[in-house]
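User: Please take a close look at one helix pair in this model. How do the two axes run relative to each other, and what makes up the contact?

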Amino acid sequence: MTVAISPNLSELRERVNQMQGRPASQPVSTHPALAGLLQLQTGASYGVDSASLAIALMAGPSADGAWCGIVGSAELGLEAAAAAGVELRRTILVPDPGDAWLEVTAALIDVLGVVVLRAPSHVSDGEVARLSARLRQRGAILIAWGDWPRCEARLTMRDAQWGGLGQGHGHLQARQVTVDVQRGTAPARSGRLWLPDTDLAIRRVDEQPAVLRSVS
């Protein structure tokens, strides 16, 4: 198990002390690109189908001062995360927790505001219940990349279009996607986002770029 970015332990202890007696559910800063689609709440878990959406959910709380953790993934690009607003100096990375993923995730929930987990292929009801109770107790947020039962909401991407390609030349520079947010059995909410734009930022689409190419 490797920790790539380590926080100051005294600051983490202060974080634990601040969370004592914290209400189970409070609104948390959410990335402006998701306005009208989702409001993050403490004590909840959220499912995503891509690293890009995991970054988008993590970026709002991180930019507002939250400590964050990433468990079980070396694929989540730190450069892209930083460009989206994630503060890497307040981020702990555990790329390969192995069979100890549950214990590692639970320990980080104890001291961090947001934990991104690359969900294992199989997660038992007991494991979900254990982490859900921990989230409510600590007032933290879990972002599960992959299948995760009983999420507060699940975010998925579709209809990707890339910008930057000319007539058989050039480089992919920006991507538009439609993001669907599903909460229970309610109708999904959808929005068109740059994920990312040419500056690697995440924002709502307000104008069409010059050249777009549909991809599957």
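This is a predicted model: local features need pLDDT of at least 70, side-chain atom pairs count only at pLDDT 80 or more; totals for chains, interfaces and linings use all residues.

Analyst: Angles under 35 degrees count as roughly parallel, over 145 as roughly antiparallel, 65 to 115 as roughly perpendicular and the rest as oblique. Residues are numbered from 1 along each chain as its sequence is written, and side-chain values use heavy atoms, with hydrogens and water left out.

The axes of helix 4 (residues 101–111) and helix 5 (residues 125–138) cross at roughly 10° and come within 9 Å. Axes here are lines fitted to C-alpha atoms, for helices over the stretch in contact, with angles from 0 to 180 degrees between N-to-C directions. Helices are DSSP runs (H or I, at least four residues), numbered from the N terminus. Helix 4 and helix 5 are therefore roughly parallel to each other.

Contact means heavy atoms within 4.5 Å. Helix 4 contributes Trp101, Leu102, Glu103, Thr105, Ala106, Ile109 and Asp110. Helix 5 answers with Glu127, Arg130, Leu131, Arg134, Leu135 and Arg138. By class, that is six nonpolar, one polar and six charged residues. Ala, Val, Leu, Ile, Met, Phe, Trp, Tyr, Cys and Pro count as nonpolar, Asp, Glu, Lys and Arg as charged, and the others, Gly among them, as polar.

On confidence, the protein averages a pLDDT of 86, and 80% of the residues score at least 70. Residues 166–170 stay under 50, with three contacts beyond four places in sequence. Residues 207–216 are also below 50, yet have 22 contacts beyond near neighbours in sequence.

Notes. pLDDT is the predictor's confidence in each residue, from 0 to 100. Helices (H or I, at least four residues) and strands (E, at least two) are DSSP runs, numbered from the N terminus.
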